[in-house]
Amino acid sequence: MSQRDLSRDDPSMRLLVAGDIDPVAVDNRGGSSPFLLLGDHAGRAVPRRLDRLGLDDVELARHIACDIGVEGLGVRLAKRLNATFVRQTYSRLVIDCNRALGSEGSIPPVSDGTVIPGNNDLDAASRRGRSAEIFLPYHDQIAATLDGGHGATVVVSLHSFTPSLAGLARPWRYGVLHRGDSMVSAAVLGALRARVGEDAVGDNAPYAMDGTDFTIPHHVDPRGLDYLELEVRQDLLADLAGQDAAAALIGDVLMMLAEERP
């Protein structure tokens, strides 16, 4: 029996109950853009049965719980580009949708120095519930969108990063993460640097796309699509005005790129 079937057929095994939100949200469904926007870490909700993972409001408001500002950025970009935006609504602390199931970091026991009580000493059934009801529906929706005649040829994974980590300031405003195999990523890197400055846009910084990333390789490689994994510094997305400004800049770059593509 699959992970999905186990939680569906036995209500006592279900993680999500009445009052919990759906694990996936889709904004501008059916948008005609060649870009499909994704938000692996856009949400910060925690299922009721997990009792906030044992964390208080302060911890759940931090960057460890979600990519701050990405939901607002993605919604604005979807409207600007007429693109579909598929986003995860639950916190990355419940299960990280950009990590392979069972991998280190999939269900983190500690994040940026904070112990996550609800993620310690989990049994196999608890892990299966998070996979079946949160991780898999999100990736199933991405696959269905890409395979359902959407017409997207570029997958854009939106993320944000904290201005400092472990006491070290991060000077970049934006970061383009890639494996050296993406024409779109190279073009966006150059275009952003031309607009905001060479040193303000990281090339595989503050993170690099490596073997820990799941979403882009999983959906792009089998379909032969191009991609962009874009990081935005969180203070730039801290309010609505900042999200509007970032969406305008990124949207202009992507629209220019779409016009240039054959």
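Let's start at Asp226: setting aside neighbours within four places in sequence, this residue is in contact with Thr153, Val154, Val155, Ser182, Met183, Val184, Val220 and Arg261. Keep in mind as you look around that this is a predicted model. Asp226 sits in strand E11, which covers residues 226-233. Is Asp226 buried or exposed? Its relative accessibility is 14%, and buried means under 20%, so Asp226 counts as buried. For a sense of distance, pick out Arg14 as well: Asp226 and Arg14 are 212 residues apart in sequence, and their C-alpha atoms are 36 Å apart in space.

Two of the contacts of Asp226, Met183 and Val184, lead us to helix H5, which spans residues 183-196. H5 packs with helix H7 at an angle of about 130°, the two axes being 10 Å apart. That angle makes H5 oblique to H7, and the crossing is right-handed. Which residues of H5 and H7 meet? From H5 come Val184, Ala187, Val188, Ala191, Leu192, Arg195 and Val196, and from H7 come Leu249, Val253, Leu254, Met256 and Leu257. Sorted by class, this contact has 11 nonpolar residues, no polar ones and 1 charged residue.

Staying with H7, which runs over residues 240-260, we come to its packing with helix H3, residues 70-81. Here the axes come within 9 Å and cross at roughly 45°; H3 and H7 are therefore oblique to each other. This crossing, too, is right-handed. On the H3 side the meeting residues are Gly72, Leu73, Arg76, Leu77, Arg80 and Leu81. On the H7 side they are Leu240, Gln243, Asp244, Ala246, Ala247, Ala248, Ile250, Gly251, Asp252, Leu254 and Met255. By class, the contact of H3 with H7 has 10 nonpolar, 3 polar and 4 charged residues.

Our last stop is helix H4, residues 124-147. Where does H4 have its kink? The kink, about 35°, lies at Leu136, shortly before the proline Pro137. Following H4 is Gly149, a residue with a positive phi, near 85°.

Methods:
Residues are numbered from 1 along each chain as its sequence is written. This is a predicted model: local features need pLDDT of at least 70, side-chain atom pairs count only at pLDDT 80 or more; totals for chains, interfaces and linings use all residues. Side-chain values use heavy atoms; hydrogens and water are left out. The bend at a residue is the angle between axes fitted to the seven residues ending there and the seven starting there. Helices (H or I, at least four residues) and strands (E, at least two) are DSSP runs, numbered from the N terminus. Axes are lines fitted to C-alpha atoms, for helices over the stretch in contact, and angles run from 0 to 180 degrees between N-to-C directions. Angles under 35 degrees count as roughly parallel, over 145 as roughly antiparallel, 65 to 115 as roughly perpendicular and the rest as oblique. A crossing is left-handed if the near helix is turned anticlockwise from the far one by less than a right angle, and right-handed if clockwise. Contact means heavy atoms within 4.5 Å. Ala, Val, Leu, Ile, Met, Phe, Trp, Tyr, Cys and Pro count as nonpolar, Asp, Glu, Lys and Arg as charged, and the others, Gly among them, as polar. Buried means under 20% relative accessible area, exposed over 50%, partly exposed in between (1.4 Å probe, protein chains only).
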